[in-house]
Amino acid sequence: MTQAVRAGLIAVGAVVAVAATSPSAQAPQDMNVYAIVDAGPVPVPGSCSCISSPFTVAHAPSRGPRSGAGAPLEGSGPPINLNHLKDDRASFARRAEDGLDGNYYASFGIAMHLSLESALAGGDPRMEEEAARWLHLAAAQENADAFRFLGLRYARGRGLEQNAAAAAYWFHQGALRGDPISMTALGLRYAAGSGVTQNWNAAARWWLRAQAHTPLASRFLGDAYACGLGVDLDPVRAEAAYKAAAEKGESSSSTQLGHLYAKRCVHAPDQAALEAYERAADDGDPEAQIELSDLVRQGRGTDPNPYRAYTLARLAELRLPEGAMKARAAERVKSAVRLMLPEAIPAQEALVQSLIAASAKPVR
């Protein structure tokens, strides 16, 4: 057996006892698609007043049991099936041999297995390094998924020295092979100038190629049209891109769509803005909850309802970290309180707390 296999087996063996006594476990948060494509701050030239936070996803909704309007903003990754992982351990040596014999599914599977084992162990440097080696092998064997995960690992410095240029290289390799997530990530790298020279035209081209296959590409393409970066300024095309992404469940696109309508960048009734914000608010997007609170309090697109406005803004306020957005949520809460009966406030606060405890949705 080769040294690579021996190292992998030793690494897995080191955490078997830990995993066996764990009642539950979570996958690493940075294995989700939002984390994979994230390129950090994107400097946007000029004014982009129709939307907020262009080319950045401030809130990635949870898809686990703690999902919904009151879910924590910084959740963990999806649950790890420990019984399935136990079965994987039993076949680890055989699958490792298969990977070394050229089976790229096996090589990639070993890398993912080690990543999960590392998560169970609280982040084990040896397993992270071993996972990176298996990803390199899987990439050399042309496994389509390995390229994007290598890009992520170089971007984050997980098991490898952090290197923005190497991250961009591996995302490019995945993009050339038709992987839409790699295309989306590469587009953001060009937008941010991370590991490559900033090039808005290249960014937009990659999002155009990926938009039919992943809603995140449509979201960023919408931002490009809304800001006139890499493509002509065109709010109507931005609207179409956001709608396409929102229909596939990408909630930050619903928030951007709400901004387009609320700020009159695209002609639409107030009800259209209300409905767009509602979709994102139900997924726990605090920005959408704040903006929806304002519409509901004013009665734009619906009957005025300070109680619902309070609930929405208070959910955002309680879940946000200190900063400008939390302060804005607090102001919306105060605006709603001024229109409420004082004796009704405790009951409304109890409703907010129950929504947070249950992560329930929708908030209607």
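Predicted model: local features only at pLDDT ≥ 70, side-chain atom pairs only at ≥ 80, totals over all residues.

**Reading the features**

At 23% relative accessibility, Cys265 counts as partly exposed.

Q: What is the handedness of the disulfide of Cys50 and Cys265?
A: The torsion about the S-S bond gives the answer: for Cys50 and Cys265 the torsion is about -95 degrees, so this disulfide is left-handed. For Cys48 and Cys227 the torsion is about -70 degrees, so that disulfide is left-handed.

Q: Which parts does the pair Cys48 and Cys227 tie together?
A: Cys48 lies in the loop between helix H3 (33-37) and helix H4 (82-90), and Cys227 lies in helix H12, so the pair ties together parts that are 179 residues apart in sequence. Both Cys48 and Cys227 are buried.

Q: Where do Cys50 and Cys265 lie?
A: Cys50 is in the loop between H3 and H4, and Cys265 is in the loop between helix H14 (251-262) and helix H15 (270-282), so the parts tied together are 215 residues apart in sequence. With bonded cysteines counted along the chain, the disulfides follow the pattern 1-3, 2-4.

Q: At what angle do helix H12 and helix H13 pack?
A: Angles over 145 degrees count as roughly antiparallel. Helix H12 (residues 215-227) and helix H13 (residues 235-247) pack at about 165 degrees, with axes 8 Å apart. H12 and H13 are therefore roughly antiparallel to each other. Their crossing is left-handed.

Q: Which residues of H12 and H13 meet?
A: Among those in H12 are Pro215, Leu221, Tyr225 and Ala226; those in H13 include Pro235, Ala238, Ala241 and Tyr242. The residues of this contact divide into 10 nonpolar, two polar and three charged.

Q: Is Glu128 buried or exposed?
A: The relative accessible area of Glu128 is 11%, so Glu128 is buried. Glu128 is placed in helix H7 (residues 125-140). Leaving aside neighbours within four places in sequence, Glu128 is in contact with Ser118, Arg153, Arg158 and Gly159.

Definitions and conventions:
Residues numbered from 1 in each chain as written. Heavy atoms only, no water. Axes fitted to C-alpha atoms, helices over the stretch in contact; angles between N-to-C directions. Helix = DSSP H or I, 4+ residues; strand = E, 2+ residues; numbered from the N terminus. Parallel < 35°, antiparallel > 145°, perpendicular 65-115°, else oblique. Left-handed = near helix turned anticlockwise from the far one by under 90°. Contact = heavy atoms within 4.5 Å. Nonpolar A, V, L, I, M, F, W, Y, C, P; charged D, E, K, R; others polar. Buried < 20%, exposed > 50% of the residue type's maximum accessible area, 1.4 Å probe, protein only. Disulfide = S-S within 2.5 Å.
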